[in-house]
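Here are my notes on the model you sent over.

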Amino acid sequence: MTTSVPPGSRTLVAGVGNIFLGDDGFGVEVARRLAQEELPPEVAVADIGIRGVHLAYQLLDGYDTLVIVDATARGSEPGTLYLIDAGAPGDRPASEGVPLDGHRMSPDAVLALLDTLCAGTGATPPRRTLVVGCEPACIDEAIGLSPQVDAAVPEAVRMVTDLVRKEAAV
């Protein structure tokens with residue numbers, strides 16, 4: 001699912017994760033719910049799932065801001081939400097040593113691939129990358145989110161909606 005955006009779009013919200021690994025499907029669920037929200041016309045919402053290579057190539061179409069929504073283990077209580085500024089392209093670590101696996105690409109790997117693609121094509125990567133993450137309770141084989149992560153989804157939708165409205169106003 002990708003919502004239609006007019007030419008000159010500025011923000012891409014990418015829900016990433018594997019719906020067959022429990023809470024890893026957090027980003028996909030948030031993207032599904034965001035697709036039902038009224039967002040500024042320059043905002044696209046995409047259910048990327050595990051298609052990280054697709055995300056890197058989609059970003060070559062020219063977005064000012066990327067908001068990645070993903071399960072993010074940082075050691076807090078399950079369901080805790082994080083807003084992480086992943087920095088501008090020049091602020092990120094070099095792409096050497098970042099494993100590129102078409103089926104298991106972390107946001108770091110997607111951004112490393114994007115930097116490589118931009119260098120080769122002359123395209124411009126997003127000037128700003130943000131991550132809205134949620135502490136998972138369980139990422140074992142299972143379909144469906146844990147109660148803690150499921151309860152965090154509406155607040156994550158609100159966070160992303162607020163973020164993209166602020167970006168659209170800039």
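**Notes on the model**

1. Starting with the surface: the chain exposes about 8400 Å², and carbon and sulfur atoms supply 54% of that. Keep in mind throughout that this is a predicted model. Of the 170 residues in the chain, 44% are buried.

2. On the overall layout, I get 4 helices and 5 strands. Going along the sequence, they come in the pattern β-α-β-α-β-β-α-β-α. Take the contacts between residues at least 6 apart in sequence: 81% of them join residues at least 24 apart.

3. Next, the inside. The largest nonpolar core has 21 residues, and V13, F26, V30, L34, V69, V132 and V160 are the ones with the most contacts inside it. At least two residues of this core come from each of helix 1, strand 2 (43–49), strand 3, strand 5 (128–134) and helix 4 (147–169). Helix 4 gives the most, with 9 residues. Apart from this core lies another one, of 19 residues, including L12, A56, L59 and L114.

4. Is helix 1 enclosed or open? Here 7 of the 9 residues of helix 1 (residues 26–34) are buried, so the helix is largely enclosed by the rest of the structure. The buried ones are F26, G27, V28, E29, V30, A31 and L34. Note that E29 is on that list of buried residues.

5. F26 deserves a click. Leaving aside neighbours within four places in sequence, F26 is in contact with V69, D70, A71, L81, V132, G133, C134, L145, V149, V153 and A156. F26 is also one of the residues with the most contacts inside the largest core.

6. Then look at D70, which sits in strand 3 (residues 65–71). Its relative accessibility is 9%, so D70 counts as buried, the cut-off being under 20%. What does D70 touch, not counting residues up to four places away in sequence? The list is V16, G17, D24, F26, G27, P107, V132, G133 and C134. Another acidic residue, D24, is among those contacts.

7. Strands 1 and 2 belong together in the notes. Strand 1 (residues 11–16) pairs with strand 2 in the parallel sense, over 6 bridges.

8. A14 is in strand 1, and at 0% relative accessibility A14 counts as buried. Not counting residues up to four places away in sequence, A14 touches A46, I48, L55, L66, V67, I68 and V69. A14 and L55 are 41 residues apart in sequence, while their C-alpha atoms are 7.8 Å apart in space.

9. On helix 4, check T161. Buried or exposed? T161 is buried, with a relative accessible area of 5%. Leaving aside neighbours within four places in sequence, T161 is in contact with L34, E37 and L39. Of these, L34 is one of the buried residues of helix 1.

10. Last, the rings. The count of aromatic pairs comes to 0. There is a charge over a ring, though: R74 lies over the face of Y82, at 5.4 Å from the ring centre.

How values were computed. Residues are numbered from 1 along each chain as its sequence is written. This is a predicted model: local features need pLDDT of at least 70, side-chain atom pairs count only at pLDDT 80 or more; totals for chains, interfaces and linings use all residues. Side-chain values use heavy atoms; hydrogens and water are left out. Buried means under 20% relative accessible area, exposed over 50%, partly exposed in between (1.4 Å probe, protein chains only). Contact means heavy atoms within 4.5 Å. Rings of Phe, Tyr and Trp (its six-membered ring) pair if their centres lie within 6.5 Å; planes under 30 degrees apart count as stacked, over 60 as edge-to-face and the rest as tilted. A charge sits over a ring if NZ of Lys or CZ of Arg is within 6 Å of the ring centre and within 35 degrees of the ring normal. Accessible areas come from the Shrake-Rupley method with a 1.4 Å probe; for residues, only the protein chains shown count as cover. A nonpolar core is a set of buried Ala, Val, Leu, Ile, Met, Phe, Trp, Tyr and Cys residues joined through side-chain atoms within 4.5 Å. Two strands pair if DSSP finds at least two bridges between them.
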